[in-house]
Amino acid sequence: MGAYVRISRTAPPAGRHLAAAYECAAGAGTDREGTTVGEPLRAGLDEPLRAGLDEPSRTGLDEPLRIGLVGAGKISGAYLDTLARLPGLRLTAVTDLNRARAEAAAKSAEAAAKSAEAAAKSAEASSKAARGVAVAASADELMTREDVDAVLNLTIPAAHAEVALAALAAGRHVYGEKPLSGTREEADAILSAAERAGLRVGCAPDTVLGPGTQTARRAVDDGLIGTPVAATAFMATAGPEAWHPDPEFYYRPGGGPLLDMGPYYLSALVHLLGPVVRVAGAASRPRAQRSIGSGPRAGERFAVEVDTHVTGVLEHRGGALTTLLMSFDVHAARLPRIEVHGSEGALSVPDPNTFDGPVELWRGGAWEPLAPSAGYPGSARGYGLADMARALRAGRPHRASAELARHVLDVMLTLLDAVRERASLPVGTTCSRPEPVPFADELSISAGHG
């Protein structure tokens, strides 16, 4: 078998139980059906932001989508802060292997709901604050609760697929942190299970739904740089061991700079330029060991098991070429995060690991800032889940989709295959370019959208 493997139609081995799964760790080319990247794309830009929230439900979700959280680790705090102020969502239950952590998360969610109620004084905010959040003894118990419509999967990456498949088997929608899964086969199994069950699967990152990436996308779609011909995407750091007290997992199989940070950059690039059809690359592993720089284990050394400096060239379906750099071996740099270059100008795009940031346009003479013109203002972790809930109510595709996440995973794995094969390889999956996010008031109860 060659290094390149197409998405399989087989499910991963069954029989593993969830009990140990959810401990959470701290030219213009034609793109979608008839859409031309680099020409004006107005469809959807003037769509009311609340489209779907006020339409009759096609899925029976006349009440807010009730969310069960699996995995109450560090990242859950960012979601809890956001969910309380998002309309159409209500956190009803939490579980974690560490019950004390689950209880703390439930209390934090209840406090956030009360704060949102005080700020908004709306009926939905009052309902969230009054009903409280239950603590489930296990993921299995949470997934069978009558008050859980969707599972928010914030487990460690190695457990993402198992928890998602269990939730789908229990008849629940799923939204999870990136990556969608660790393998192509698991990703395909998730999409197949969702299709069979008629359920939705969403996946982070949702940073690309904020004004930063979306304003840049609108500039591309409106033809402000002409035909896109090239892009650069750089993520260059010295690695997480300087600040993370237990950084070994970043340097084990399934880790490394590409799989860790690539989903942010590649999701943004698909929004900007469309899916990727072919990749080539090279990678290195300059150091065999690294040292922990903080915490009680500071000074301990550990083995590096993956490449830590990855470079690639990505060919997009529309013809543009992206030069990609993902590194844990750069101590200092002044590289831009993302730039898109076209036949008539250039665009500077902010860090795709953030929701906002300056967008600058060059069309001869000087760089000039662009005012925000698309995306969810005030967005934060959880807006992808809110967008999925809206899409459910409106009967349309959601933007932070499993299809996009599977394609991003396949691009990364194919790039690593290309590195090993020392070859240019085709990417076996594709996806639709998600609909742009129109610019309107903040999607939150506190902004008066109750």
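The following legends describe close-up views of a predicted model.

**View 1. Packing of helix α6 against helix α10.** Helix α6 spans residues 184-197 and helix α10 spans residues 402-421. The two helices pack at an angle of about 165 degrees, and their axes lie 10 Å apart. Because angles over 145 degrees count as roughly antiparallel, α6 is described as roughly antiparallel to α10. The crossing in which α6 passes α10 is left-handed.

**View 2. Residues in the contact of α6 with α10.** From α6, the contact is made by Arg184, Ala187, Asp188 and Leu191. From α10, Ala402, Glu403, Arg406, Leu409, Asp410, Leu413, Thr414 and Asp417 take part. By class, the residues of this contact comprise 6 charged, 5 nonpolar and 1 polar.

**View 3. The second largest pocket.** This pocket holds about 430 Å³ of space. Its lining consists of 22 residues, of which Pro397, His398, Ser401, Glu403 and Ser432 are the closest to the centre of the pocket. Glu403 also belongs to the α10 side of the contact with α6.

**View 4. Elements and residue classes in the pocket lining.** The elements that each supply two or more residues to the lining of the second largest pocket are α6 and α10. Helix α6 gives the most, with 4 residues. The lining as a whole is made up of 10 nonpolar, 9 charged and 3 polar residues.

Terms used. Residues numbered from 1 in each chain as written. Predicted model: local features only at pLDDT ≥ 70, side-chain atom pairs only at ≥ 80, totals over all residues. Heavy atoms only, no water. Axes fitted to C-alpha atoms, helices over the stretch in contact; angles between N-to-C directions. Parallel < 35°, antiparallel > 145°, perpendicular 65-115°, else oblique. Left-handed = near helix turned anticlockwise from the far one by under 90°. Contact = heavy atoms within 4.5 Å. Nonpolar A, V, L, I, M, F, W, Y, C, P; charged D, E, K, R; others polar. 1 Å grid on protein atoms, 1.4 Å probe; cavity = no way out; pocket = protein on both sides within 12 Å on 5 of 7 lines; lining within 4 Å. Points joined across faces, edges and corners; volume = space filled by probe spheres on them.
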